[in-house]
Amino acid sequence: MNFAVQVPEVVAVPVAGTGTFFPVRRIYCVGRNYLEHIREMKEADERDPPFFFQKPRDALVLNGQLVPYPPQTNDFQFEVELVVAIGKSGRAISKEKALDHIFGYAVGFDMTRRDRQRESGKNGLPWEIGKSFDACAPCGNLRTVADVGHIDHGRIAVSVNGQVKQDSLIEKMIWNVPEIVSNLSHLYDLVEGDLIYSGTPAGVAPVLTGDILRGTVDGLIDLEITIGTRT
Ligand code: MN
């Protein structure tokens, strides 16, 4: 096949201990999945169901890389999240079968232009510019289910320059991982290569150029990124 322009690069996450890479097809994110975060945002009824949005796959940033401070914001924030990697395709998957579709897990950051997100919400506009932009989806190296099992409890935290900012527990998710996979699979066909960022606990805050973020989830490999200069 002759391509008219440069073919986009394959986007892939290293799979720890295997020498292989997980090729990314789509990146889904869950909004509102920890009660304290809904409360700190003061933006939703606490009984609202979760909802989903997407980030472009080429927004993926790997462990150790720079995240340039994006344009068009003065309130660039982190959200540490458990990332679920889909290893087996499916549609309308039941909660009971959901775990069979998971390849592995990683630590991720849902980087957000918070000022733009709030502005969109207030004006009833899509979240696109607040949530979906270049380098907005750092993802740490994956651990496979065969290696680490399923992540359904334990600490989830992020520190900025060594100071803890978000510190919570995976079991505090409003919708757990099987429920998220099942719910999402009723809206979209899930395909191997899909990543799902499963929502963030309380403690989100702005970052500045030069800040070093380290995300942790018990059982997984830390994710560390540095905020680069403004673009
Ligand atoms: Mn999020």
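Are Phe53 and Trp127 buried or exposed? Both of them are buried, where buried means under 20% relative accessible area, exposed means over 50%, and partly exposed is whatever lies in between, taken with a 1.4 Å probe and with protein chains only.

Before I go on, please keep in mind that this is a predicted model, in which local features need pLDDT of at least 70 and side-chain atom pairs count only at pLDDT 80 or more, while totals for chains, interfaces and linings use all residues. Residues are numbered from 1 along each chain as its sequence is written, and side-chain values use heavy atoms, with hydrogens and water left out.

Let me turn to the aromatic rings. A search of the whole structure finds six aromatic pairs, a pair being two rings of Phe, Tyr or Trp (for Trp, its six-membered ring) with centres within 6.5 Å, counted as stacked if the planes are under 30 degrees apart, as edge-to-face if over 60, and as tilted for the rest. One of them joins Tyr28 and Tyr188, whose ring centres are 5.0 Å apart and whose planes stand at 45 degrees, so this pair is tilted. Tyr28 belongs to strand S3 (residues 27–31) and Tyr188 to the loop between helix H6 (177–185) and strand S15 (195–197), so the pair ties together parts that are 160 residues apart in sequence. Helices (H or I, at least four residues) and strands (E, at least two) are DSSP runs, numbered from the N terminus. Tyr28 counts as buried because its relative accessibility is 0%, whereas Tyr188, at 33%, counts as partly exposed.

The rings of Phe53 and Trp127 have centres 5.4 Å apart and planes at 65 degrees, so that pair is edge-to-face. Here, too, distant parts of the chain are linked, with Phe53 in strand S4 (residues 51–55) and Trp127 in the loop between helix H3 (114–122) and helix H4 (128–131), 74 residues apart. Together with Phe51, these two residues form one aromatic cluster.

Another ring, that of Phe133, has charged residues over its face: Lys55 at 5.9 Å from the ring centre, and Arg113 at 4.5 Å from the ring centre. For a charge to sit over a ring, NZ of Lys or CZ of Arg must be within 6 Å of the ring centre and within 35 degrees of the ring normal.

Next comes the metal. The manganese ion has as its protein donors Glu79 (OE), Glu81 (OE) and Asp110 (OD), at 2.0 to 2.1 Å, and their spacing in sequence is E-x1-E-x28-D. Glu79 lies in the loop between strand S7 (76–77) and strand S8 (80–86), and Asp110 in the loop between strand S9 (102–109) and strand S10 (112–113), so to speak a link between distant parts of the chain, 31 residues apart. Both Glu79 and Asp110 are buried. Donors are N, O and S atoms within 2.8 Å of the metal (3.2 Å for Na, K and Ca), and since water is not among the atoms, sites may look incomplete.

Finally, a word on the backbone. Ala135 has a phi near 60 degrees, a positive value in a residue other than glycine, and this residue is placed in the loop between H4 and strand S11 (137–139). Ala135 counts as buried because its relative accessibility is 15%.
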